[in-house]
Amino acid sequence: SAYVQEPNDKPSEKCGVLNVTKITEFGKKVRKSWTSSWTVLQGHTLLFAKEKGGGSSWFGGSQTKPEFTVDLRGGSVEWASKDKSSKKHVVELKTRHGTDLLIQWDTDTIINDWYRVLQETIITHAWE
Ligand code: I3S
């Protein structure tokens with residue numbers, strides 16, 4: 001059988017390290033604070049945890065709790081305009097609650113994958 005039981009019974013669709021900052025919270029502009037975060041996509045939820053000592057940690061274990069989570073339903077992604085950041089390959093993720101994030105990674109193939117997966121997730125869950 002192709003069925004494989006995941007350790008925490010919640011298959012992760014994608015994970016990796018990304019640079020992340022909030023730019024608005026509930027519609028209000030907040031000061032940027034770029035952080036390197038271990039990022040996990042589970043269903044329609046995107047979870048971020050601070051990287052500990054450069055090693056990749058894992059949710060579900062006791063070591064690391066998500067620093068924050070984002071519900072992608074009703075959100076949108078686009079490539080950030082130049083005025084949003086001087087960094088390259090920056091994705092702007094907007095949520096329906098008015099909390100917007102910038103997500104960035106220097107390697108274009110990696111950030112392109114995230115862009116595509118986030119967009120697919122938002123489309124998949126559009127009617128929930
Ligand atoms: O949009 P801003 O204010 O130019 O964003 C920069 C600031 O967040 C800056 O921190 P300070 O507010 O402590 O100066 C960061 O170090 C920069 O990385 C931010 O700009 P970029 O272009 O990297 O997103």
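Predicted model: local features only at pLDDT ≥ 70, side-chain atom pairs only at ≥ 80, totals over all residues.
**Figure 1. The chain from end to end.** The chain has 128 residues, and 20% of them count as buried. Among contacts with a separation of 6 or more, 43% join residues 24 or more positions apart.

**Figure 2. Inside the largest nonpolar core.** This core has 15 residues. Look for Leu18, Val91, Leu93, Leu101, Ile103, Trp114 and Leu118, which have the most contacts inside the core. Two or more core residues come from each of these elements: strand 1 (14-25), strand 7 (90-94), strand 8 (100-104) and helix 1 (108-124).

**Figure 3. Ile103 and its contacts.** Which residues does Ile103 touch, leaving aside neighbours within four places in sequence? Here you can find Leu18, Val20, Val91, Leu93 and Trp114 in contact with Ile103.

**Figure 4. A closer look at Lys32.** You will find Lys32 in the loop that sits between strand 2 (28-29) and strand 3 (35-42). Is Lys32 buried or exposed? Lys32 counts as exposed because it has 12 C-beta neighbours inside 10 Å, and the cut-off for exposed is 12 or fewer. Setting aside neighbours within four places in sequence, Lys32 is in contact with Thr21 and Ile23. Leu18 is 14 residues from Lys32 in sequence, and their C-alpha atoms are 15 Å apart in space.

Notes: Residues numbered from 1 in each chain as written. Contact = placed C-beta atoms within 7 Å. Core = buried A, V, L, I, M, F, W, Y, C linked by C-beta atoms within 7 Å. Helix = DSSP H or I, 4+ residues; strand = E, 2+ residues; numbered from the N terminus.
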